[in-house]
Amino acid sequence: MGRKGSTPTTPTADIPQRKDASRNQSGHHGAGPVSNKEELAIYAQPSETNLFLAPPFVDASLVKGSFKTLVALPKYLDVMEWVAVNMFDFYNNINTFYEAILERCNHKNCPTMTAGDQLVYTWIDNNNKHVKLPASTYIDYVFTWIQALLEDQSIFPTKAGLPFPPSFPATCKHMYRQLLRVFAHMYQAHFQDILHLRIEPHLNSLFAHYLAFGMEFDLLDKKELRGSPSSPTGIGFLYEKWRQNGRLD
């Protein structure tokens, strides 16, 4: 999918939802260092566990064992080529999963781009302001932005002799970050829809593959994955469960 025409300028940082209405709801979270003891306390699991964190769904997968061998750089292949091919495939696969639940991700059900119980992602508009968008609009903008990058021969060259630009690693890291947010929203807001379609093993397998690839090629930002201590992401807890059981090693 992808929206034609103008879009806000760039995807940007997340803004937490706050239950305390007296606090400023437009400020960024996560300011200042947090001690290890405090971080462990704040990152404690929510009292009501999300379905995707509970058995048997957390263990549902099409692939048994570790994803490490799936993401390893093939012999004699340039690392830029390998990353480019995988980013293209990840984009198309995530797009396909989102299409499956698109009817449920509407302005009424998802008025904001949620990724956790207290977390909403925002976009920077043409006036350089952080704006909250319906999740479907946010994701549409992300897909349109990434599709344009993938079709740009100066960034993702497909013709022989065309080099990758020096900015290619940073571009891929930004793309990875935004697709991670799409995963975060699908798990947080639409996992019951995924269960209804009986495709949770497929989604888990794709996401585990995505995480393993991001770790292998330095695309994954752990802070982005986990959110801030005061407003963590649901997928951050999922990552920890999979890391502990060796799925991502």
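Student: How do the residues in the lining of the second largest pocket divide into nonpolar, polar and charged?

Tutor: You get 6 nonpolar, 5 polar and 2 charged. Ala, Val, Leu, Ile, Met, Phe, Trp, Tyr, Cys and Pro count as nonpolar, Asp, Glu, Lys and Arg as charged, and the others, Gly among them, as polar. Bear in mind that this is a predicted model, where local features need pLDDT of at least 70, side-chain atom pairs count only at pLDDT 80 or more, and totals for chains, interfaces and linings use all residues. Numbering runs from 1 along each chain as its sequence is written, and side-chain values use heavy atoms, with hydrogens and water left out.

Student: What makes an open set of grid points a pocket?

Tutor: On a 1 Å grid over the protein atoms alone, an open set needs protein on both sides within 12 Å along at least five of seven lines, and lining residues have an atom within 4 Å of a point. The second largest pocket holds about 210 Å³ of space, a volume being what probe spheres set on the points fill. Of its 13 lining residues, Gln-188, Ala-189, His-190, Phe-191 and Gln-192 are the closest to its centre.

Student: Why is α3 called roughly parallel to α5?

Tutor: The axes of α3 (residues 79-100) and α5 (residues 168-197) cross at roughly 25° and come within 10 Å. Angles under 35 degrees count as roughly parallel, so α3 is roughly parallel to α5. The helices are DSSP runs (H or I, at least four residues), and axes are lines fitted to C-alpha atoms over the stretch in contact, with angles from 0 to 180 degrees between N-to-C directions.

Student: What is the phi of Arg-198?

Tutor: Near 60°, a positive value in a residue other than glycine. Arg-198 sits in the loop between α5 and α6 (200-216).

Methods:
On a 1 Å grid over the protein atoms alone, a cavity is a set of points where a 1.4 Å probe fits but cannot get out, and a pocket is an open set with protein on both sides within 12 Å along at least five of seven lines; lining residues have an atom within 4 Å of a point. Helices (H or I, at least four residues) and strands (E, at least two) are DSSP runs, numbered from the N terminus. Angles under 35 degrees count as roughly parallel, over 145 as roughly antiparallel, 65 to 115 as roughly perpendicular and the rest as oblique.
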